[in-house]
Protein chains: 14
Amino acid sequence: MSDMHWFVLISTVAAAVAIAVGIIFPAIAMGRAITQALESLARQPEAEKSITRTLFIGLAMIESLAIYVLVIVLIILFRNPLLEYLLK
Amino acid sequence: MSDMHWFVLISTVAAAVAIAVGIIFPAIAMGRAITQALESLARQPEAEKSITRTLFIGLAMIESLAIYVLVIVLIILFRNPLLEYLLK
Amino acid sequence: MSDMHWFVLISTVAAAVAIAVGIIFPAIAMGRAITQALESLARQPEAEKSITRTLFIGLAMIESLAIYVLVIVLIILFRNPLLEYLLK
Amino acid sequence: MSDMHWFVLISTVAAAVAIAVGIIFPAIAMGRAITQALESLARQPEAEKSITRTLFIGLAMIESLAIYVLVIVLIILFRNPLLEYLLK
Amino acid sequence: MSDMHWFVLISTVAAAVAIAVGIIFPAIAMGRAITQALESLARQPEAEKSITRTLFIGLAMIESLAIYVLVIVLIILFRNPLLEYLLK
Amino acid sequence: MSDMHWFVLISTVAAAVAIAVGIIFPAIAMGRAITQALESLARQPEAEKSITRTLFIGLAMIESLAIYVLVIVLIILFRNPLLEYLLK
Amino acid sequence: MSDMHWFVLISTVAAAVAIAVGIIFPAIAMGRAITQALESLARQPEAEKSITRTLFIGLAMIESLAIYVLVIVLIILFRNPLLEYLLK
Amino acid sequence: MSDMHWFVLISTVAAAVAIAVGIIFPAIAMGRAITQALESLARQPEAEKSITRTLFIGLAMIESLAIYVLVIVLIILFRNPLLEYLLK
Amino acid sequence: MSDMHWFVLISTVAAAVAIAVGIIFPAIAMGRAITQALESLARQPEAEKSITRTLFIGLAMIESLAIYVLVIVLIILFRNPLLEYLLK
Amino acid sequence: MSDMHWFVLISTVAAAVAIAVGIIFPAIAMGRAITQALESLARQPEAEKSITRTLFIGLAMIESLAIYVLVIVLIILFRNPLLEYLLK
Amino acid sequence: MSDMHWFVLISTVAAAVAIAVGIIFPAIAMGRAITQALESLARQPEAEKSITRTLFIGLAMIESLAIYVLVIVLIILFRNPLLEYLLK
Amino acid sequence: MSDMHWFVLISTVAAAVAIAVGIIFPAIAMGRAITQALESLARQPEAEKSITRTLFIGLAMIESLAIYVLVIVLIILFRNPLLEYLLK
Amino acid sequence: MSDMHWFVLISTVAAAVAIAVGIIFPAIAMGRAITQALESLARQPEAEKSITRTLFIGLAMIESLAIYVLVIVLIILFRNPLLEYLLK
Amino acid sequence: MSDMHWFVLISTVAAAVAIAVGIIFPAIAMGRAITQALESLARQPEAEKSITRTLFIGLAMIESLAIYVLVIVLIILFRNPLLEYLLK
């Protein structure tokens, strides 16, 4: 198999694996935060405003972690800076 | 086996694995959130509106993580940008 | 063994594995949600309507995750878009 | 060993493994749901009707997951669509 | 070793493994259900009838999962449909 | 080593492994059921009759799972139906 | 190494492993049952008779599982029915 | 495959893996902190100011850990100091 | 290395491993039983006689499991019935 | 591949792995400490000063552990003392 | 390497491993028993005599398990009965 | 690759791994101690002096463990006593 | 590499591994015992004498397990009885 | 690579691994003991003297375990008694 084939093949696999693994724990963390928000709502309905605001800021920060992974994966799939060493 | 065969074969396997793994933790996180929502409903029936609204926003954000994986898998199966290096 | 043999063989195995793994966590998540619904019913029988409605929406969203996997598996078994590169 | 031998052998093994693995978590989920139903019955005997109805709908949805696996296994054992590429 | 030898040998091993693994989680699930039934009996002796009825329906549904595995194992040991491709 | 040697050797090992693994979880499940029965007896001594009856039915159903394994192991050790393909 | 050597060697190892693994979970299960019996005795000293009777029946049933393993191990060490295919 | 190919390939894979692994535990830690903040808000609504201030300082320190990883990954992808030994 | 060397070497290793593994869970089970006995003594000092009697019977039954392993190990080290096939 | 290539390649991988692994547990530990601080604030708002002071000293000491790893990684990437044995 | 070298080498390693593994769980079990004894002493100081007597009998029985391992290890290091087959 | 290359390469990797692994558990232990200190402060604000003194002595002793690892790593990187056998 | 080199090398590694592994669980067990002793002291300060006496006897017995390992390690490093078979 | 190189290389790696692993559990055990001491101080401030005395004796005994490992590691790095067999 040519070198380019190997590169394309393994990049594809790495991208698939990284995105699948990379969302695992953001998903878990989100699940927990939402779970707790629901519980807090049930316990203190009148604090709804501050609870949902804190929840959405938290979800945004966790989502940012998942997006780091997505960005790296898309860089690898569409525009890999290391390729210039090969195509030179 | 020709290079193209290897590529097709491993892409198929990677797609199958990635989708199977990638829904694991969104499923768990959803399960937890729904579980807690049900518990909160039982404890505070009159807060039903804010509970279900928070639940559905949360489920949507978790679902978005699973859809990142699905998108990457479909890109790999139907339209892989790295293939142009091979078909050139 | 010919290339096609390998492809058929491994696709079959991957399909079997992916479906077996892919239902694991939806099953767990469903189990938890149902469990909690039963507990909530026992604690607050008069909230039965909102509990079962939330439960069924949640089960539907979890089931959708399992169906993503089933769809990918059936695409691999019956109609794999990557095959056109091989049969060309 | 001929190609067909390999195919038959590995399909058999994959079928055995997939069914053995595929029932694991439905079994666990069922166990939990039944466990909770029994506990709820003990705590709220008068809600027996809604409890058992929710339980049986839940068991049916979990059973459906196990049947997805059984269907894929039987397709592999008795009628594999990918075989036509080999017998052609 | 002839092809047939390999086939017989590995089928035997796969059957042994599948049955040993396949009963694991039904056993656990049964254990939990029975455990809970015993606890419920101790807490609410007068609900004995509905408890034992729910318990036995649940045990039957879990047992059905174990029997799926047993059926696949016996099909593999005594009558494997894929063998006709080899004996043809 | 002749083919028959391999077959005998691996069958022996598989039998030993299968029985050792196959009793693991029935043992655990039994342990839990008995444990709970003892606790229930301490909490509700006057329900002794229904507790021990439920316990023994449960133990019998769990024992049946262990016996499935024992039967498959003895079939493999003393009378393996797949052997006729080899001795023919 | 001759075939017989391999057979004797691996049988010995398999016997040692099987017995070491096979007693693991009966030991755990027994430990739990005894533990609970001791706790029940402390909580309800006057139910001593029914507690110890249930305990000893339970221990006997768990011991039976360990003895299944011991029997298979002794069959393998002293009298293996599959040996007749080799000595013929 | 040329040396440069290997280097590019493995650097790409390492980058994908490192970012996917590196956000795991910051995600978990954030999830926990947010979870607890939500719970504290529900328990002590009037301490909202000090709670959210402590929360955001904590999230910033955890985010810094994830950024260490991102920095190392970007150094590897875009500007690797060890490359000068190779290009010399 | 001669056949006999292999046999002696691996038997020795298997014996060491089996005894080291075989006492693990009896040790744990004993630890638990003794732990519980101590707790029960602290809670119900006047039931000391029935507690210690049950404890010592339980310890004896667990010890019997460890002795099964010791017996198999000593048989392997000092008098292995399968050796007669080799020395014949 | 030349020796230098190997060295550069593996150093790069080791650096990526070490930083990804090295922040795991500091992240967890920080998460726990912050979590507890939030809980303590909710329970004892008037002790805010001593709580946040202890928290920040603790975070600094945990951060120092992560920085040990970062220092070793940067030494490896930018200035490795062992390289003088190679360039001599 | 001569046969004897292998034998000595692997025996040494096996001895080191067996003793290191073999004390693991006795240590844990002892730790638990002592822990509980300390707790019982704090709860029921006047039962000190029966607690410490039960504790020391229990520690002796657990110690006996560790000594089984030590004995097998010393037999392997100083006087291995299987060596006579080699030196003959 | 020359011997020296191997030595340098593997020493570098070992140093990176050792420091990354070596801070894991000190980090966890510190996290726990700080966590508990924060909880104790919330529960008993007036014992602040003895709590923080005990905390800092404890953190120092745990830090000493991490420093043992750092010392060994720096010895390996900068001044390895075993090198004199090679350079002789 | 000569035989003696192998022997020395692997003995050294085995010694390092054995001591590192062998203190793991004594450390854990000690930690637990001390933890409990501290808790008991806080709950029942007037039982300090019997608590510390039981604690120190227990620590001595656990220490003895760690010393078994140290003794075997030192025997292997300084005076290995199996070496006489090699030096003869 | 010469024999001496191997020896030096692997000794170095073993030393790094052993120290990194060997402090794991002392660190955990210390963390627990300190944690408990802090909790006890919060619960029973007036028993501070006996608590801190017991704590420091316990920390010393755990530290002794970590020092066993450090001693073996330093013996291996600086003065290995088995080297005399090689240098002879």
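This is a predicted model: local features need pLDDT of at least 70, side-chain atom pairs count only at pLDDT 80 or more; totals for chains, interfaces and linings use all residues.
## Transmembrane annotation of chain A

For chain A, the unreviewed UniProt entry lists residues 6-34 and 55-78 under "transmembrane region".

Chain A as a whole contains four helices and zero strands. Read from the N terminus, its elements follow the order α-α-α-α. Of the 88 residues of chain A, 65% count as buried.

## Parallel packing of H3(D) and H3(E)

Helix H3 of chain D (residues 48-78) packs against helix H3 of chain E (residues 48-78) at an angle of about 0°, and the two axes are 12 Å apart. Because angles under 35 degrees count as roughly parallel, H3(D) is described as roughly parallel to H3(E).

On the chain D side, the contact is made by Glu48(D), Thr52(D), Leu55(D), Phe56(D), Leu59(D), Glu63(D), Ala66(D), Ile67(D), Leu70(D), Val73(D) and Leu74(D). H3(E) contributes Ser50(E), Arg53(E), Thr54(E), Ile57(E), Met61(E), Ser64(E), Leu65(E), Tyr68(E) and Ile72(E). Sorted by class, this contact has 13 nonpolar, four polar and three charged residues.

From H2(G), the residues in contact are Pro26(G), Ala27(G), Met30(G), Gly31(G), Ile34(G), Leu38(G) and Leu41(G). They meet Ser50(I), Ile51(I), Thr54(I), Leu55(I), Gly58(I), Met61(I), Ile62(I) and Leu65(I) of H3(I). The contact of H2(G) with H3(I) has 11 nonpolar, four polar and no charged residues.

## Salt bridges between chains

Side chains of opposite charge can pair when their charged atoms come close. Over all chains, a search of the whole structure finds 14 salt bridges. One pair consists of Arg53(C) and Glu48(B), with the closest N and O atoms 2.6 Å apart. This pair crosses between chains, from helix H3 of chain C (residues 48-78) to helix H3 of chain B (residues 48-78). Arg53(C) is partly exposed at 43% relative accessibility, and Glu48(B) is partly exposed with a relative accessible area of 24%.

Glu48(F) and Arg53(G) also form a salt bridge, the closest N and O atoms being 2.6 Å apart. Here the pair runs from helix H3 of chain F (residues 48-78) to helix H3 of chain G (residues 48-78). The relative accessible area is 23% for Glu48(F), which counts as partly exposed, and 42% for Arg53(G), likewise partly exposed. A further salt bridge links Arg53(K) to Glu48(I), again with 2.6 Å between the closest N and O atoms. Arg53(K) lies in helix H3 of chain K (residues 48-78) and Glu48(I) in helix H3 of chain I, so this pair joins two chains. Arg53(K) is partly exposed at 43% relative accessibility, and Glu48(I) is partly exposed at 23%.

## The loop residue Gln44(E)

Gln44(E) is located in the loop between helix H2 (24-43) and H3 of chain E. With a relative accessible area of 16%, Gln44(E) is buried, because the limit for that class is under 20%. Leaving aside residues up to four places away in sequence, Gln44(E) touches Ala42(D), Pro45(D) and Ile51(E).

## Val21(H) and Val69(H)

Val21(H) belongs to helix H1 (residues 3-22) of chain H. At 25% relative accessibility, Val21(H) counts as partly exposed. In sequence, Val21(H) and Val69(H) are 48 residues apart, while their C-alpha atoms are 9.4 Å apart in space.

How values were computed:
Residues are numbered from 1 along each chain as its sequence is written. Chains are lettered from A and ligands numbered from 1 in the order in which they are written. Side-chain values use heavy atoms; hydrogens and water are left out. Contact means heavy atoms within 4.5 Å. Ala, Val, Leu, Ile, Met, Phe, Trp, Tyr, Cys and Pro count as nonpolar, Asp, Glu, Lys and Arg as charged, and the others, Gly among them, as polar. A salt bridge is a side-chain nitrogen of Lys or Arg within 4 Å of a carboxyl oxygen of Asp or Glu. Buried means under 20% relative accessible area, exposed over 50%, partly exposed in between (1.4 Å probe, protein chains only). UniProt positions are given in the numbering used here, feature names are shortened, and annotations may be inferred rather than shown by experiment. Axes are lines fitted to C-alpha atoms, for helices over the stretch in contact, and angles run from 0 to 180 degrees between N-to-C directions. Angles under 35 degrees count as roughly parallel, over 145 as roughly antiparallel, 65 to 115 as roughly perpendicular and the rest as oblique.
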